[in-house]
Amino acid sequence: MAEKATKTVVIGAGPVGALAALYAANRGHDVEVYELRGDLRDPSTTPLNFTKSINLALSERGINAMRKANHPKLLDAVLAETLPMYGRMIHGENHGELFETSQEYDVYGRSIRAVDRAGLNKRLLDDLERMPNVKFFFNHKLTGADFKKRKAWMEKRPKNQRTDHAQNPTQGASGHETEGRATEIEVSFDFMIGCDGAHSAVRYHLMKFARMSYQQEYIDTLWCEFQIGPSASGEFQLSPNHLHIWPGGDLMFIAIPSLDKSFTCTLFMPAEKFTSLDNNPANVLAFFNDSFPGVAGKLIPEPELQRQYSENPHLPLISIKCTPYHFGSSVIILGDAAHAMVPFYGQGMNAGLEDVRVLFEFLDREKDGVEGRAKALQAYTDQRTPDAAAINDLALRNYREMRSDVRSPLYRARKWLEER
Ligand code: FAD
């Protein structure tokens, strides 16, 4: 008699959940993907973010994880919708003159890539949809789990139910019911992969089974998104092959290019400075002129900048470390659910995609079944805990580098010495 396929339930259809489902489906598992929101490819679905989609830096860590998914067209399709960024462009003002300085990332000319998060996520879902052994359950929210009995409970929500994004759209908003009636369903599984973001429900329930150490920190910085549109002639207003930085000491403004020749920008600033500007909105333009010369009026029309500042949300940044990531052979958490990090190293999603590759390498080394999987999950936790903590710390460290060190003479002198 043929052996029964492993039933793998993936919670969260963000980039990490979608890739994890693809890896599991490739290995012949019966895969079910449960996602709190609607299908993001459906135009009626509330978008993950509030304005346009956020742009991320995709690096070799994430690219390699997609390469190893063994879907050759997937990586081609993703890369075709990216722009290479060969370095960072530092913007400033000297004696009233605007200047920009390019700092290349790599002596061999290699690049990181600007990618639209939603676009990347859609490509992964498209590939997943073509697999006969994958079922999607959108508008399903995990509300409970018993990892000894291998059962989970999902709230099936009416389509188009609004999701509360108040916490942070890219950090796994938990969502709540606002209208209509939700029903509960019970799901049994052999293996659960929790990829439900920073406010992970899987992690919350895992804590009741595993002796998990857990640490979370909100840094004293908020972020707000802006857009630099194309020029009047429809061209990029800045170099499309750089990540642009306006360092400001304890704050910074960055811009990442998009395929439509606009830039998605982010202002990172201490919470109390946001509060001070919120209380004095008339000061926003003067603040921009002072802190990020050349942005207000030149790259973003002044009324537009004022509007974006007041309408776009000011969101928190969380950093999470925990361990173990698994319980027995029944569950593992990956991506932001396991190690949400501040975005300054551009590695949150990349590290999450890498989690998937590393996990399946460990699973491939063991025999299928409960015993082999338990060994693989333990080996994964052992290896991944220090690695994830290191990336997490580097991300925090890189905030100082980006907002301040990139412009200091001391930094340049140190770099000059290092290169000799
Ligand atoms: P998420 O993207 O949070 O996806 C989780 C999914 O789970 C969501 O679809 C959610 O709806 C669903 N979900 C949540 N709860 C439940 C539930 N109870 N039941 C079912 N489903 C649920 N990373 C980079 O690599 N490079 C960058 O340049 C970069 N820049 C960033 C800039 C900013 C401003 C921010 C905030 C983050 C940035 N990141 C970057 C980090 C990146 O966005 C995250 O690391 C990445 O989105 C994590 O992916 P994920 O799939 O683990 O979680």
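Helix H1 (residues 15-26) contacts helix H4 (residues 117-129) through Pro-15, Ala-18, Leu-19, Ala-21 and Leu-22, which meet Arg-117, Leu-120, Asn-121, Leu-124, Leu-125, Asp-127 and Leu-128 of H4. Contact here denotes heavy atoms within 4.5 Å, and helices (H or I, at least four residues) and strands (E, at least two) are DSSP runs numbered from the N terminus. The residues of this H1-H4 contact comprise 9 nonpolar, 1 polar and 2 charged; Ala, Val, Leu, Ile, Met, Phe, Trp, Tyr, Cys and Pro count as nonpolar, Asp, Glu, Lys and Arg as charged, and the others, Gly among them, as polar. The model is predicted, and local features require pLDDT of at least 70, side-chain atom pairs count only at pLDDT 80 or more, and totals for chains, interfaces and linings use all residues. Residues are numbered from 1 along each chain as its sequence is written, and side-chain values use heavy atoms, with hydrogens and water left out.

The axes of H1 and H4 lie 9 Å apart at an angle of about 20°, where axes are lines fitted to C-alpha atoms, for helices over the stretch in contact, and angles run from 0 to 180 degrees between N-to-C directions. H1 and H4 are therefore roughly parallel to each other; angles under 35 degrees count as roughly parallel, over 145 as roughly antiparallel, 65 to 115 as roughly perpendicular and the rest as oblique. The crossing of H1 past H4 is left-handed, a term applied if the near helix is turned anticlockwise from the far one by less than a right angle, with right-handed applied if clockwise.

H4 also packs with helix H3 (residues 72-79), the two axes coming within 10 Å and crossing at roughly 160°. H3 and H4 are therefore roughly antiparallel to each other, and H3 passes H4 in a right-handed crossing. Leu-74, Ala-77 and Val-78 of H3 form this contact with Leu-120, Arg-123, Leu-124 and Asp-127 of H4. The contact residues divide into 5 nonpolar, no polar and 2 charged.

A further helix pair consists of H2 (residues 60-67) and H10 (residues 348-365), packed at an angle of about 35° with axes 8 Å apart. Their crossing is left-handed. On the H2 side the contact involves Arg-61, Gly-62, Asn-64, Ala-65 and Met-66, and on the H10 side Asn-350, Ala-351, Leu-353, Glu-354 and Arg-357. By class, the residues of the H2-H10 contact are 4 nonpolar, 3 polar and 3 charged.

The ligand is surrounded by 31 residues, the closest being Glu-35, Arg-37, Ala-57, Arg-117 and Asp-336, with a heavy atom within 4 Å as the criterion. Polar contacts (pairs of N or O atoms within 3.5 Å) include one between a polar side-chain atom of Asp-336 and an oxygen atom of the ligand, at 2.7 Å. Backbone polar atoms also take part: that of Leu-142 lies 3.0 Å from a nitrogen atom of the ligand, and that of Gly-348 lies 3.4 Å from an oxygen atom of the ligand.

The peptide bond from Thr-323 to Pro-324 is cis, with omega near 0°, and Pro-324 is placed in the loop between strand S17 (315-323) and strand S18 (326-327). Arg-150, although not a glycine, has a positive phi of about 55° and belongs to the loop between strand S9 (140-146) and strand S10 (151-156). Lys-261, likewise not a glycine, has a positive phi of about 75°; this residue is in the loop between strand S15 (252-257) and strand S16 (263-270).

Technical notes. A polar contact is a pair of N or O atoms within 3.5 Å; within protein, one must be able to donate a hydrogen and the other to accept it, and residues adjacent in sequence count only if both atoms are side-chain atoms.
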